[in-house]
Amino acid sequence: MSARGLLRLFTALYLALFFAYLFLPLVFMVAAAFNASRFPTMLPWEGFTLQWFWGFDARGRPTGLFQDARMAAALWNSILIGAGVILLSVPLGLAGALLLTSLQSRLKGFLYAVLVSPILTPGVILGISTLIFWQRAFEVGGGLFLAVVGQSTFIASYCMLLFMARLERFDRTLEEAALDLGASHLQMVRRILLPFLRPAILSAALIAFLQSFENYNTTLFVIGAEDTLTINIATRVRLGLTPAVNAIGVLFIAATVLAAIGWAVLRRREVAVRRERPVPARAQRLAPAAG
Amino acid sequence: MSELWRRFGRLGGGLVLATALLWALLLIVLPQLLMVELSFRPNLPAAARGGPEDVLSLANYAALWANPLHRAIFWQTIWSSLLVTLLALLVCYPVAFHLAQEARGTRALLLATALVIPFWVNEILRTFSWFLILARNGLVNRLLLGLGVIEEPLALGGVGAVMIGMVYAYVLFMIFPLYNALESLDRNQIEAARDLGASTWRIHWRVVIPHAKPGIAVGCVMTFMLAAGTFAVPQIMQSLPGGTNARWFTQIIYSYFFDGGDWNRGSAYAFALLLLCIVFVMATMRLFRVGLRDIAK
């Protein structure tokens with residue numbers, strides 16, 4: 001076998017190992033969710049059951065995830081916080097991106113560093129500083145509100161980066177043309193800028209919600225006595241171990257797989273469309289009128 | 001600044017400016033400054049704050065230095081995080097290279113999608129899945145018992161287990177920056193090097209890795225920061241038998257805030273951790289000669 005063939009074989013082997021490393025733990029976790037064993041484990045296999053989703057044990061006590069009212073409350077809190085984070089982070093990130101793209105001076109570099117720094121700061125420290133600031137300056141303690149604020153500190157930075165990436169491809173002459181032709185600033189923003197930014201706003205909102213939903217390190221310090229889904233999962237993992245935790249894992253993985261498949265299908269269609277029509281859709285629409 | 005007024009008018013420009021500055025001040029700068037300020041003051045009851053005892057000092061930092069246990073945990077956190085970062089880089093580089101340069105079309109899309117799935121399963125569940133493998137009744141012990149290699153289940157907890165959990169939880173933060181950097185490398189450069197007679201190692205060392213520098217830097221910075229600042233992974237892995245000694249610096253900070261009620265000492269410890277991360281970020285960026293702008297990619 002040639003050296004390159006050997007290398008190719010080695011690469012294939014390594015990839016197989018890597019993806020096994022990535023997925024096998026998740027497979028074991030999913031399998032344990034359907035095992036009748038009282039403890040979350042795949043081996044020994046004691047028979048298939050759905051009781052960790054919905055069911056009762058021998059003494060008639062509920063064992064399932066869906067029967068747990070605290071879990072439902074935690075989930076609701078996570079959704080509320082996620083919505084709050086979207087409402088706060090998207091405008092903050094947008095304002096940051098618009099400001100930075102309008103600046104030219106050395107101030108730009110400095111402000112950029114400040115606004116990006118939360119991404120490079122450990123989550124626990126963002127949580128701690130948020131807690132200290134609001135507690136000492138405004139006497140606001142931990143809770144849902146502070147969770148929204150603490151998480152937005154760094155999620156807004158992610159949103160800003162998304163907006164900046166999109167704005168890099170923005171043709172600023174469109175903006176100037178609109179203003180020159182007598183549009184008001186508000187009209188320009190509504191008719192030119194926001195439509196162009198629409199995809200970025202949607203993806204920023206989605207990313208913000210997902211980041212918020214799965215956040216633990218920051219939330220832990222600012223959540224006070226409240227519960228969120230991630231906090232609840234962590235408590236379960238630490239204390240009362242029943243396979244109901246695995247059932248949560250199954251739901252998480254199912255949701256992610258569905259989202260990933262949807263994303264892949266969309267990407268493929270997008271690639272296919274681009275291959276068929278190298279001319280941008282917009283130019284095509286204009287073409288017949290011009291001809 | 002005049003550019004801002006020209007684009008959005010006085011009212012709109014003012015709104016953009018005010019919103020961005022409020023974010024910078026209320027959410028980022030002031031909270032950090034207050035944390036640092038708190039760390040230089042003694043822990044006093046509310047009534048005594050601002051009184052004659054409330055003076056600035058380095059006492060909280062001296063306490064960290066004087067406590068051998070805390071100092072040891074601090075060093076262990078740094079050392080383990082460095083190791084996790086290096087391991088993640090080694091594990092991810094071949095995969096990222098293959099994905100960016102060798103895989104094409106549907107196959108590349110499939111592999112990328114497969115990477116995204118574990119990425120969005122949250123950190124706690126990812127760690128938990130390894131907890132289940134290493135537990136007393138877990139897969140490793142079952143397997144070894146079944147094969148007759150051991151008689152009694154092994155206690156697999158400890159710093160090693162925490163690090164396994166972390167590499168697993170954070171590989172994806174390494175792989176995506178690497179992938180982004182490698183994707184922009186022109187395949188012809190590799191072909192040219194090969195045609196000119198360079199060996200595979202030499203191609204990677206002289207062509208691919210220099211090109212991937214920004215990606216390597218960003219991946220390392222993210223992974224180190226996540227590892228040094230994690231609370232979830234050690235917390236879960238400690239429940240393993242033999243895992244109680246694997247404490248993380250963030251856990252000491254947490255206990256100062258919520259068990260000990262000494263926010264000042266906790267702030268000093270938190271600031272020490274933050275300084276460590278800043279030093280690591282600056283050193284890595286200097287080493288790889290990349291700027292803060294590259295983070296955005």
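**Exercise 1. Find the contacts of Arg70(A), then decide whether this residue is buried or exposed.**

Solution. Leaving aside neighbours within four places in sequence, Arg70(A) is in contact with Asp227(A) and Asn232(A); contact means C-beta atoms, placed from the backbone, within 7 Å. A word on the model: it is predicted, so local features need pLDDT of at least 70 and side-chain atom pairs pLDDT 80 or more, while totals for chains, interfaces and linings use all residues. Residues are numbered from 1 along each chain as its sequence is written, and chains are lettered from A and ligands numbered from 1 in the order in which they are written.

**Exercise 2. Describe how helix 3 and helix 7 of chain B pack.**

Solution. Start with the angle, about 40°, and the axes, 6 Å apart. Axes are lines fitted to C-alpha atoms over the stretch in contact, and angles run from 0 to 180 degrees between N-to-C directions. Helices here are DSSP runs (H or I, at least four residues), numbered from the N terminus. The two helices of chain B are therefore oblique, since angles under 35 degrees are roughly parallel, over 145 roughly antiparallel, 65 to 115 roughly perpendicular and the rest oblique.

**Exercise 3. Which residues have the most contacts inside the largest nonpolar core?**

Solution. They are Phe163(A), Ala96(B), Tyr170(B), Ile175(B) and Leu178(B), in a core of 160 residues. Such a core joins buried Ala, Val, Leu, Ile, Met, Phe, Trp, Tyr and Cys residues through C-beta atoms within 7 Å. Helix 7 of chain B gives the most to this core, with 19 residues.

Note on methods:
Buried ≥ 20, exposed ≤ 12 C-beta atoms within 10 Å, placed from the backbone. Contact = placed C-beta atoms within 7 Å.
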